[in-house]
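Thanks for coming, everyone. I'll keep this short. Please have a look at the model on the screen.

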Amino acid sequence: MVALLGQNSLLLLFVVAAIGYGIGSIKIRGNKLGVAAVLFVGLFFGAWDKNLKIDDIVFLLGLSIFVYSIGLSSGPGFMAALRGKGPGNLGFIFLMILFSGGLALGMHFLFGFEAATTGGLFTGSSTNTAALAGLIDSIEKAVGGAEQEGVVESAVVGYSITYPMGVLGGIIGIVLFQRWFKIDYAKEAYELRDQYPTDASISNWTIKISENYDRSITVRDLIKQNRWTATFGRIRRGAHTSLVNWDTVFQPGDRVAVVGKAEDLDEIIELLGEQDEMEITREQSEIEHHRVFISNPEVAGKTVAELNLNEQYAAIITRIRRGDTDLLARGDTVLELGDRIRFVARRKDVQELVKLFGDSYQSLSQINLLSFGLGMALGLLLGMITFSLPGDITFQLGFAGGPLIVALILGALRRTGPIVWTLPYGANLTLRQFGLILLLAAVGIRSGHTFIDTVQGGEAGAIFLAGAIVSIGTAFGILFLGYKLFKIPFSILMGMVANQPAILDFSLTRTDNQLPNEGYAVMFPIALIAKIVLVQILFGILN
């Protein structure tokens, strides 16, 4: 068996990927390792026989695809973090990353680790696989000859030993500080409903306007004055059904379809009338609702307002389903390839609107190789550029940082003329997972033998302890300083602590709302790129 795997690296790759993915799918107390289990299975096979190898091109291909796909999806959130309320959070995240790097630096001198081990410890304690990949890329450029393989293995060992505490550290911090600060998640979510509209639970109700309602006020002013995040769709007045527009004035007896969050709908009913159990059905009018996929590149990257549907077709987009999340359609909401939208329109306009949006599942399963290839090429070229820092320190963004930065920019641009840079949601997730599997399998198999030697030699305990200090210390710093000094809501901070999906799932379960996702969306792209750069600088200084 070992001989067969040793002679066929492609077979070895998929055996490790299959077993790792299967193990990662097993839930233990509601949590699972996910794709990260591929790394540990790779370590097992690498420790089984040091002659088991996977070609370097597999690692580089997986790394580049992984970080590029992450950058494309994170670009809009990254740029949004630079505007509005983002700069304060941005500075706080950078401060906490430097704090985490400082803790790792302290562990380096306290325990006398090698530079590569410290770098791996830093990436493992934050479960940042992309940063590990950047570190390995930096090592391969800085260290030559026979010494290179041993240095790379030390980095992977530091990562793999500290990875478990990277998950537990954030969870421990959340549990302790929640009790200390006596956080009421429901109250916090209600108070932040305007500043952080998460659209977690969206309902569609029909409201009958009260006979006592006598306010001559337009829908535009109603929404503005009451700060509702709701969308009014059809309105039935007598025997006639039409679509609500900004200038519509409700009259007693009107029946209006409205989509929004539960708390907003309750306020709307209290002001306007009562909930009507009888919906405005298709049979009652020429107005109907429809669901379609956004697969037309001409529509992707545009805001709902830019489509100007209400003027051209007398149509209104009421909600958007992106991945597993329902969003209310606002004027500034940008439509993405793969979004499934719900709109209301005149029956005679439906087919034209379907044609406009595309609604082709087959198109969504395809990858535009022109834009993908151009973006990857630009990223790889950027990664080859050498940057100089004071003290004769030089570094390259490499196969990780270059594609990531280019992807963040292109993802935020979304399109340049006819070229759409973003990928359909499903295609992006598939590429990301495929790249990550290649990456983890390659580095795991490469470092398995050294991992066993480290454990048997007794150094693993010190590395694990150092990782625990860095992980827990970082979580404590984020939660305490963020809540007390920077006045960031605790639910948002939980997302900033969530450097691994298991922590994010834990946070979402405890809050029972989507606020942690807000913190995670701001933190993830910033932390990802900052740690890729910082770990390379850290290695350069210590080496």
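Is R415 buried or exposed? R415 counts as buried, at 19% relative accessibility. Buried here means under 20% relative accessible area, exposed means over 50%, and partly exposed is in between, with a 1.4 Å probe and protein chains only.

Some ground rules. This is a predicted model, where local features need pLDDT of at least 70, side-chain atom pairs count only at pLDDT 80 or more, and totals for chains, interfaces and linings use all residues. Residues are numbered from 1 along each chain as its sequence is written, and side-chain values use heavy atoms, with hydrogens and water left out.

Stay with R415. The side chains of R415 and E298 meet in a salt bridge, 3.9 Å from N to O. The rule for a salt bridge is a side-chain nitrogen of Lys or Arg within 4 Å of a carboxyl oxygen of Asp or Glu. This pair links distant parts of the chain: E298 is in the loop between strand 6 and helix 12 (304-307), and R415 is in strand 12 (residues 415-416), 117 residues apart. Helices (H or I, at least four residues) and strands (E, at least two) are DSSP runs, numbered from the N terminus. E298 counts as partly exposed, at 47% relative accessibility.

How many salt bridges does the rule give? The count comes to four. One of them joins the side chains of R414 and E336, at 2.7 Å from N to O. R414 sits in the loop between helix 17 (398-413) and strand 12, and E336 in the loop between strand 8 and strand 9, so the pair ties together parts that are 78 residues apart in sequence. Both R414 and E336 are buried.

Another salt bridge is D247 with R220, at 2.9 Å from N to O. Again, the pair links distant parts of the chain: D247 is in the loop between strand 3 and strand 4, R220 is in helix 10 (residues 219-226), and they are 27 residues apart. D247 is exposed, with a relative accessible area of 52%. R220 is partly exposed, at 37%.

Now the strands. Two strands pair if DSSP finds at least two bridges between them. Start with strand 2 (residues 231-237). Six of its seven residues are buried, so strand 2 is largely enclosed by the rest of the structure. Strand 2 pairs with strand 4 (residues 255-261) in the antiparallel sense, over four bridges. There, F232 has V258 as its bridge partner. Strand 2 also pairs with strand 3 (residues 240-243), antiparallel, over four bridges. R236 stands opposite T241 in that pairing. The hairpin of strand 2 and strand 3 has two residues between the strands, and G238 takes a positive phi near 70 degrees in it.

Strand 1 (residues 202-209) joins strand 4 through seven bridges, running antiparallel. I207 stands opposite V256 there. Strand 1 also pairs with strand 5 (residues 273-275), antiparallel, over three bridges. In that case K208 stands opposite E274.

What is the order of its four strands? The order is 6-9-7-8, with antiparallel pairing. Strand 6 and strand 8 (325-328) are the edge strands, each pairing on one side only. Inside this sheet, strand 7 (residues 316-322) and strand 9 (residues 340-346) pair over five bridges, in the antiparallel sense. R321 has R340 as its bridge partner in strand 9.

H290 is found in strand 6 (residues 287-293). H290 counts as partly exposed, at 27% relative accessibility. Its contacts (heavy atoms within 4.5 Å) are I341, R342, F343, V350 and V354, not counting residues up to four places away in sequence. H290 and V350 are 60 residues apart in sequence, yet 7.7 Å apart in space, C-alpha to C-alpha.

Look also at A329, in the loop between strand 8 and strand 9. A329 counts as buried, at 9% relative accessibility. Beyond its neighbours within four places in sequence, A329 is in contact with residues including T231, V304 and I317.

Eight of the eight residues of helix 20 (residues 490-497) are buried, so helix 20 is largely enclosed by the rest of the structure. S471 lies in helix 19 (residues 459-484). S471 counts as buried, at 5% relative accessibility. Setting aside residues up to four places away in sequence, S471 touches S125, M165, G166, G169 and G170.
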